[in-house]
Structures are given as structure tokens and as C-alpha cells.
Amino acid sequence: MDLSKAVWRKASRSTVQNDNCVEIARTSLVVAFRDSKDPDGPKLVISPGEFRHFTRVLKNL
């Protein structure tokens, strides 16, 4: 999957001093995750439905 034009963003609670962040990018077909320290490294790609389930689970922790 080509994510070269994806717009990546850090979590809203991320700070400038803290570079240990996960970034996400949404496309029309997938939601992708990457390590902000390694933007050219591996990415985790899931469907929008899986992302909604993931965020619901996190909110209920």
C-alpha cells in the first residue's frame, strides 16, 4: 500500500519534547499507524471499522 502522500498526525496529547509518539494517517480505505521516530519504518494498517472498534475499547479502559 502506498502511503507516500498520506497526511500523518501525532496525538493531541503529544508534546514537542516527547518524540515517543504514534502517528496516524487516514485514507479513504485504511487507517495507518507509524512510530514518529521512524517515519520510514514499518506501518500498521487497519480498516476504518477496526479503528472504530480499537478506539471504543481504549475509551472503555
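**Strand pairing, salt bridges and a nonpolar surface patch**

Glu23 is buried, with a relative accessible area of 9%, in a model that is predicted. The side chain of Glu23 meets that of Arg34 in a salt bridge, with an N to O distance of 2.6 Å. Because Glu23 belongs to strand S2 and Arg34 to strand S3, the pair ties together parts that lie 11 residues apart in sequence. Arg34 likewise counts as buried, at 16% relative accessibility, a value that falls under the 20% limit for that class.

The count of salt bridges comes to 2. Besides the pair of Glu23 and Arg34, a salt bridge is formed between Lys37 and Asp35, whose closest N and O atoms are 3.2 Å apart. In this case Lys37 counts as partly exposed, at 47% relative accessibility, and Asp35 is also placed in the partly exposed class, at 32%.

The strands that carry Glu23 and Arg34 are part of an open sheet of 4 strands, arranged in the order S1-S2-S3-S4 with antiparallel pairing. Strand S1 and strand S4 (44–46) stand at the edges of this sheet, and each has a single partner strand, so one side of each is left without a neighbour in the sheet. Strand S2, which spans residues 22–26, and strand S3, which spans residues 31–35, run antiparallel and are joined by 5 bridges. Within this pairing, Ala25 stands opposite Ala32 in S3. Helix H1 packs on the sheet, where it touches S2, S3 and S4, and the direction of the helix makes about 60° with that of S3.

Lys10 is partly exposed, with a relative accessible area of 37%. When residues up to four places away in sequence are not counted, Lys10 touches Cys21, Val22, Glu23 and Ser36. The buried residue Glu23 is thus one of the contacts of Lys10. For Cys21, which is 11 residues from Lys10 along the chain, the separation of the two C-alpha atoms is 6.6 Å.

A further feature concerns the surface, where Phe54, Val57, Leu58 and Leu61 form a nonpolar patch with about 410 Å² of accessible area together. Leu58, one of the residues of this patch, lies in helix H1, which comprises residues 48–59.

Key. Residues are numbered from 1 along each chain as its sequence is written. This is a predicted model: local features need pLDDT of at least 70, side-chain atom pairs count only at pLDDT 80 or more; totals for chains, interfaces and linings use all residues. Side-chain values use heavy atoms; hydrogens and water are left out. Patches are made of residues with over 30% relative accessible area and no salt bridge: like charges are joined within 9 Å, nonpolar side chains (Val, Leu, Ile, Met, Phe, Trp, Tyr) within 5 Å. Accessible areas come from the Shrake-Rupley method with a 1.4 Å probe; for residues, only the protein chains shown count as cover. A salt bridge is a side-chain nitrogen of Lys or Arg within 4 Å of a carboxyl oxygen of Asp or Glu. Helices (H or I, at least four residues) and strands (E, at least two) are DSSP runs, numbered from the N terminus. Buried means under 20% relative accessible area, exposed over 50%, partly exposed in between (1.4 Å probe, protein chains only). Contact means heavy atoms within 4.5 Å. Two strands pair if DSSP finds at least two bridges between them. Axes are lines fitted to C-alpha atoms, for helices over the stretch in contact, and angles run from 0 to 180 degrees between N-to-C directions.
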